[in-house]
Amino acid sequence: MQENYLAKWLNNELSEEEVVKFKESKEYASYVKLREATDNLVGPDFDMAKAWEDLNKQKVSKEIKVVKLNPFKKYLSIAAAIALIFTATFLYYGSLNEEVSTQYAERAEIVLPDASEVQLNADSQISYSKKNWDNKRNIALNGEAFFKVAKGKRFTVTTENGTVTVLGTQFNVENRKDYFEVACYEGLVSVIYNKKEVKLPAGNSLVVINGEAHALEIPNIKEPSWIRDESNFKSIPLKYVLDEFQRQFNLEVVTQNIDTEQLFTGSFSNTNRDLALQSISTPSQMKYKLEGNKVLFYAETP
């Protein structure tokens with residue numbers, strides 16, 4: 001193969017006879033793969049004006065040394081540079097995390113690489129490294145999710161408020177603004193919060209509200225109530241109840257003359273909006289008015 005075939009082929013300058021001869025070379029298949037791999041590469045944005053300005057600021061008086069390359073070596077250098085760019089791009093995108101998220105009034109079910117199962121509640125997000133899962137079974141969570149973990153290596157859920165570590169069990173984690181709850185339904189869960197470790201056996205939960213932690217018992221069941229389309233609360237400030245209602249029904253919630261810090265114990269349906277409104281308003285002695293995509297909870301003044 002002549003040494004300039006590669007450059008002429010890249011520029012579509014080969015004659016038909018040269019193309020036939022080039023295809024018979026042993027290097028041709030490798031160059032085709034390389035070209036296909038790099039066709040979709042996108043270079044970073046380049047600010048020409050800024051680059052020129054920076055160049056003018058960095059004037060140097062050194063003599064520029066020019067080194068002439070053998071033409072064939074030059075083309076090999078170009079091919080090597082393209083291969084390097086392709087490899088770097090492949091490694092970068094291969095290391096990106098998998099992400100799954102839900103919107104208001106939406107849920108998702110995810111099966112992880114080790115067959116562990118995750119059910120994602122409304123307005124939630126998880127991310128994990130699918131490629132490196134065997135070495136690092138770690139999930140970052142923002143929102144609420146129920147986990148059924150397959151037996152095996154250490155499994156960790158990381159949130160802004162705390163870290164949960166288990167070995168094959170079932171548990172629920174909710175991580176919202178000023179609210180953090182971990183409930184264990186099977187096995188044993190280790191929770192690290194505020195640099196302290198708390199071990200939760202099945203039937204127990206840790207609730208942290210505004211930085212105050214409380215250990216609570218939970219019903220002897222195998223899964224959280226929201227899996228069965230119901231939201232349950234026990235002595236929880238009303239504002240968190242209203243936040244959950246908003247997530248489940250994709251409605252904007254507004255309050256008037258309501259103490260949202262008052263504690264609420266009860267439940268509401270995640271599928272029946274009218275029943276949910278009554279279940280929240282009646283025990284809290286509130287009225288409500290539904291207009292379009294907005295609901296107003298208010299208290300009548302004497």
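1. Basis. The model is predicted, so that local features need pLDDT of at least 70 and side-chain atom pairs count only at pLDDT 80 or more, while totals for chains, interfaces and linings use all residues. Residues are numbered from 1 along each chain as its sequence is written, and side-chain values use heavy atoms, with hydrogens and water left out.

2. Overall make-up. The protein has 18 strands and 7 helices, these being DSSP runs numbered from the N terminus (helices are H or I with at least four residues, strands are E with at least two). Of its 302 residues, 36% are buried, where buried means under 20% relative accessible area with a 1.4 Å probe, protein chains only.

3. Largest pocket. The largest pocket holds about 620 Å³ of space, a volume being the space filled by probe spheres set on grid points that are joined across faces, edges and corners. A pocket here is an open set of points on a 1 Å grid over the protein atoms alone, where a 1.4 Å probe fits, with protein on both sides within 12 Å along at least five of seven lines; lining residues have an atom within 4 Å of a point. Among its 29 lining residues, Glu181, Ser225, Asn232, Phe233 and Lys234 are the closest to the centre. Strand E14 (230-237) is one of the elements that supply at least two lining residues, and E14 gives the most, with 5.

4. Second largest pocket. This pocket has a volume of about 210 Å³, and its lining includes Tyr104, Asp123, Lys239, Tyr240 and Arg247. Helix H6 gives the most to this lining, with 5 residues, and H6 (238-249) also supplies at least two residues to the lining of the largest pocket.

5. Aromatic rings. The whole structure contains 13 aromatic pairs, counted where the ring centres of Phe, Tyr or Trp (its six-membered ring) lie within 6.5 Å; planes under 30 degrees apart count as stacked, over 60 as edge-to-face and the rest as tilted. Phe245 and Phe249 form a tilted pair, with 5.1 Å from centre to centre and 40 degrees between the planes. Because these two residues are 4 apart in helix H6, Phe245 and Phe249 are separated by about one helical turn.

Technical notes
Buried means under 20% relative accessible area, exposed over 50%, partly exposed in between (1.4 Å probe, protein chains only).
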